[in-house]
Amino acid sequence: MDFFLSNIDVFVTAIWQTLFMVFVSMVVAGIIGLALGIALYITRPGNLLSNRTVFTVLNVIVNIIRPIPFVIFITAINPLTTKVVGTTIGPSAAAFALSLAASFAVSRIVEQSLVGIEPGVIEAARAVGAGPWRIIVTILIPEGLGPLILGYSFIFVGIVDMSAQAGIIGGGGLGDFAVAYGSQRYNWPVVYITVATIVVLVQLGQFLGNYLARKALRR
Amino acid sequence: MDFFLSNIDVFVTAIWQTLFMVFVSMVVAGIIGLALGIALYITRPGNLLSNRTVFTVLNVIVNIIRPIPFVIFITAINPLTTKVVGTTIGPSAAAFALSLAASFAVSRIVEQSLVGIEPGVIEAARAVGAGPWRIIVTILIPEGLGPLILGYSFIFVGIVDMSAQAGIIGGGGLGDFAVAYGSQRYNWPVVYITVATIVVLVQLGQFLGNYLARKALRR
Amino acid sequence: NRNNSSSSSAGATTNAPQTVSIGVADAASPYWKTYQDLAKSKYNVTIKLVNFTDYSQPNPALSQGQTDLNEFQHIQYLANYNVTSHDDLQPIGATAVYPLPLYSTKYKAASSIPDGSAVAIPNDAVNEARGLLVLQSAKLITLKDGGNAFSTVSDIETHKVDVTALDASQTAGALQAGSVAAAIVNQNYATQAKLAKTDAIFKDDPSSASAAPYVNVFVAQKKDITNPLYLKLAALYHTASVEKGVETQNNGTAVFRTTSAADLQKELATVESQAKAAASK
Amino acid sequence: MTSTSTAPALVRLEHVSKAYDTPGGRRVAVDDVSLEVREGEILGVIGYSGAGKSTLVRLINALELPTGGRVFVGKDELTALPERRLREVRQGIGMIFQQFNLFRSRTVAGNVGYPLRVAGLGRAERDARVAQLLDFVGLLDRAYSYPEQLSGGQKQRVGIARALATNPRLLLADEATSALDPETTADVLALLRRVNRDLGVTVVVITHEMDAIRSIADRVVVMDQGKVVEEGEVYDVFSKPSTAAAARFVQSVLQDRPPKETIARLRQSHEGRLVTIQVAEIKGFIGVVSGVFASQGVDTELVFGGISEIQERAIGALTYELVGDDGKVDAALTALTDKGITWTEEH
Amino acid sequence: MTSTSTAPALVRLEHVSKAYDTPGGRRVAVDDVSLEVREGEILGVIGYSGAGKSTLVRLINALELPTGGRVFVGKDELTALPERRLREVRQGIGMIFQQFNLFRSRTVAGNVGYPLRVAGLGRAERDARVAQLLDFVGLLDRAYSYPEQLSGGQKQRVGIARALATNPRLLLADEATSALDPETTADVLALLRRVNRDLGVTVVVITHEMDAIRSIADRVVVMDQGKVVEEGEVYDVFSKPSTAAAARFVQSVLQDRPPKETIARLRQSHEGRLVTIQVAEIKGFIGVVSGVFASQGVDTELVFGGISEIQERAIGALTYELVGDDGKVDAALTALTDKGITWTEEH
Ligand SMILES: Nc1ncnc2c1ncn2[C@@H]1O[C@H](COP(=O)(O)OP(=O)(O)OP(=O)(O)O)[C@@H](O)[C@H]1O
Ligand SMILES: Nc1ncnc2c1ncn2[C@@H]1O[C@H](COP(=O)(O)OP(=O)(O)OP(=O)(O)O)[C@@H](O)[C@H]1O
Ligand SMILES: [Mg+2]
Ligand SMILES: [Mg+2]
């Protein structure tokens, strides 16, 4: 406990680091993943812009990148990280790596959320002459909003979880704090406090997600 | 390369360990997660057995457990692992931890897959006097099968990815091999070969998933 | 595993085939192969290596009898574990002390590192405090109360450079990627990352007495400290062929130690009492 | 048929209301409805779009719980039963949904067979019954198609077959023929009539096709804005609708009164006065009418209208052109009134 | 109206086929159909459930691409246009879907406003137009409801308003009134008539409600098993259907011929011979008929049937009881035939 208190500043910093990494990743991965997921969905055979080649290529790319262990992924994209962030260590670099890795996960979640949309409504939009881009923005996303929001809540938790690995490259954050100051030092109170903080953070996120999903689903 | 060849037996073992861990986790987490996800879905306010209390409790539990960093989760469940598996280290213990952790993730994916089901069909089933249990088995699961299968493919990749962390407790597997024999030793050929193997494994799984989803969605 | 453990402790006298499991964190290092072959041919013992990627795991696993021995830590770490987890694992043989060097590819001396540069250190409990102490000796930082074996980055009092703690396997990479001006790199990673020996611009002195807590050790459960097979296995580490492998692994920087088990245990007791004092402070 | 008028109630609604809370406020879909469906009858429910018809039938099989009042089916008070008892009650009730609500994951055969599975029938029996039902609705060759491969009418027929599968004792048909062509509609109505007559199945049909009501219903209930505004034997409601809503519905099916434009057109080719006479149940009705005009020396020509049958009784209206001296025409019309025959002059 | 018979074609289908590959084999939904929809006309499409009507209209706005043949709308060959040109064409075509296909994520107002957004209308204009449309379909107070909060008929009305939103020059109405009560149906039909007359909108209406065809269509196309089996002016098809399919449809709407059971019942109360006479376009038709019977000394009583109007012309059939000497009755009937009047004796 004393140990925790003496490191309270690190803990506070860790909270900010986590918030920063999670926020950046949610935004970036949210957008890239959405685009990628929609691309997967609409090019799926039989769908709006069905295109077997594009679908297969995207599918394979996502499948190649997603299963790469995060430790390796982080290292592998170092050259890119240097170009974009200017450094390969610290919260920014971690946020970058997290964003990229999460994008591919998000794309799958998005694809899965859209797959349940009734084809009839897409047809109705096509019938009034709406183009694919407009259909995506004004029909696909709103119609799939319920599952999409739940999917993003899911990814939110996933990103919080992944951010625990940010410590690998000095990204800090709560997960790293729990491990470095907690479990590796067999200091369980630190682990409890930190995990509890993570849980509170996640609960807030998930409640927001549930609330929004309920609004979107109207039940 | 020589280094890889001299450790080919470890590599082969790692493949088996990964297959073992992933298979066990998919089955166990698939079942537990399905049950939990369905419970989340049907108790959601406005649904089949809507029950705000149960829903909130389940929701909170899932939200507490999911965000715990895997390193800490593994340690925290050690007493349970000892009881069930008899040991807290090695592939079996890792498979157990993976299964548990993945169950909670699966539950969210399942919930999200079911949320898109047209309420009318559930009503039609209620109207013929089908009970909740029967509706779950004969209506909810079949009607949500497309997204469910894609969701399970997603989780499959997630489990493969998580299994890379099995090394924490000496579980081995390809991910651990890639890190311990590859990236940590700056031995990139080993990383490439191992990651390629993981990717092939995942592609096979995802292709199967896509194929089944296509069958289920009939498009 | 439990069965193995009891049978191995009982049957140390015979040459009947046995299995001994050792928890390690670097099973991929080739010297372990040499070691395994040797154990087989000399004692007809099959060594089963259990590789842990997280340092928090091998000690509890040993304590619960899921492994018979482990070899991944120095006395300092073991003491910390024993104190915080109220355990009583004991060292039964020394292996080596590894200097913990500060590397830089740009600067030739610690003093020439510009103010405000980034410096990476390992972030695990085993290496972090020691890395900080190295930086302090290099006059790049000062630590609260002069620092101790439990210091963390939050104990930095004044600093000439910005210290970032990374996964031990990543510090070399961060240096090579240009993200930091200098980095504390564990010798094995330095070798694997092909950092030139000459780039080590500062290191603690492995042969000094102050390095005693950093002697790496074979660890066993207290009841096994006299197990002859385990003692033999610990000693087996100092076979020439194994030592040669270790040296290759560390680019010749390892300083082998053959301190007796009793001395190691005494050293442990000392560090443990220090740790207790530090914890109650 | 008349036997049903004294039959005991199979369904009884007592001051039943159903309101929905929407962001825009409370919306009362069913408003204090008290109603009986008698054992063995076919009850027609008509009313404007949004009148609360679908909500009403959904209350009968407790898919929806009322916000007020009590619902009885047989001896059971649904509003007091636990869900598992409700399930048993529902097994005895077939429902055809307005929106079909087919299971998308099941083939046509799977959809129709589902209630049979729930009822616990064995595979062989089930297959036989499904085949029989599909044959009836003309979809035997589509048994292995999925709903999205069917046309609108085909979907509706699957819904009908599914509702009939378990030989329920009560059938709730919510716009069961709305997507069907006239011939199929006639077949379905005939089938409903048959199950009603032969198996004693009680039927509630919601429909806006008054033809359906006319051809099969015994009694009819008219809903308007959540309330039952009229209720009675079909012939009575058709021949003497007492509310404006009912009158408009009746008009739509009998189409025996010429619309305004038709009258305007008729005027152009016919110089005489145009009078619409309501068909009454008088022996030799037309003869009587002709006789009256002939006796006054008024020439007549039938220009519009029709006679049809409801519950085996003639009903309708005929528009005649009356040519002759105004006084004579008036005298003839007065004579008609005296005989209890209703007429209106078209202006 | 007759002007449309010479109007140029707005839609032209040339040997169009559409087949679906299903696990159960190839299923031909539309089979070598050649057809024109003339500029400014209202074309009715009728046919049994599954005949291919919905598929046909979906080919017209290229929601479905034919597996054979060519489709023209205006000067554009849809089957040769790239998707982005198709979009422009579709903006000029309104479509009412059989299954409504409402956007579940949008309110009623959002659904109706959607085509306007696609057409690029500004907010203010859009709101005004939406309000106007919702007012017309009687859903102004439901503007902010979501589809699942609507009754079946309300949903359909939203679909209608949405299709009309952009004042398309071609309107495809697939069972646009199937879920509506008679009065709303009449309103919608009147509106279709009005947009057709006043704005020159060409309309294709699929319906199984022959009443709708009768009251608004200029020409009618009868489909059966994917083929167009009959095509012509509505009056011609109604008065002289040349295929069995068409005849059955016509019968369903005119309902001027007594069904078997009615005849059986009529027999019980009427001793004379029962003869159904087809209403023909003869000046003073009824007078003529009465005259013939009177001259032969045959007593008549009207027992069933009706006269109504199609395209402003009288149509129908009347069933008379003929009482008199058999020879005289036969003579009278022969006289009718000589005058070109068609009749059938009911046995
Ligand atoms: N996607 C599909 N796959 C297979 N068959 C189909 C598909 N869509 C339509 N069909 C079949 O094509 C035929 C024509 O269907 P269509 O929907 O055009 O009929 P319809 O005339 O509109 O019937 P209804 O009056 O019942 O709506 C039907 O037999 C239908 O089952
Ligand atoms: N979930 C709901 N939320 C709010 N209002 C609803 C809901 N369901 C139905 N309503 C409203 O209740 C009223 C009655 O609906 P209902 O479906 O019973 O009408 P209906 O008589 O079946 O009409 P139709 O002939 O158009 O099918 C309608 O005004 C409808 O909008
Ligand atoms: Mg309804
Ligand atoms: Mg159709």
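**Strands, sheet and chains**

Analyst: In chain D, strand β1 (residues 9-22) pairs with β2(D) in the antiparallel sense over 10 bridges. Strands are DSSP runs of E of at least two residues, helices runs of H or I of at least four, numbered from the N terminus; two strands pair if DSSP finds at least two bridges between them. The model is predicted: local features need pLDDT of at least 70, side-chain atom pairs count only at pLDDT 80 or more, and totals for chains, interfaces and linings use all residues. Residues are numbered from 1 along each chain as its sequence is written, chains are lettered from A and ligands numbered from 1 in the order in which they are written, and side-chain values use heavy atoms, leaving out hydrogens and water.

User: What is the order of the strands in the open sheet of chain D?

Analyst: The order is β2-β1-β4-β5, with antiparallel pairing. Strands β2 (25-38) and β5 (76-77) of chain D each have a single partner strand, so one side of each lacks a neighbour in the sheet.

User: Which pair of chains shares the most contacts?

Analyst: Contact means heavy atoms within 4.5 Å. Of the 8 pairs of chains in contact, chains A and B share the most contacts. By comparison, no contact joins chain C and chain D.

User: What rotation superposes chain B on chain A?

Analyst: Copies are superposed by least squares on the C-alpha atoms of residues with pLDDT of at least 70 in both. Here the rotation is 180°, with 0.1 Å of shift along its axis (RMSD 0.1 Å). The two copies are thus related as by a two-fold rotation axis.
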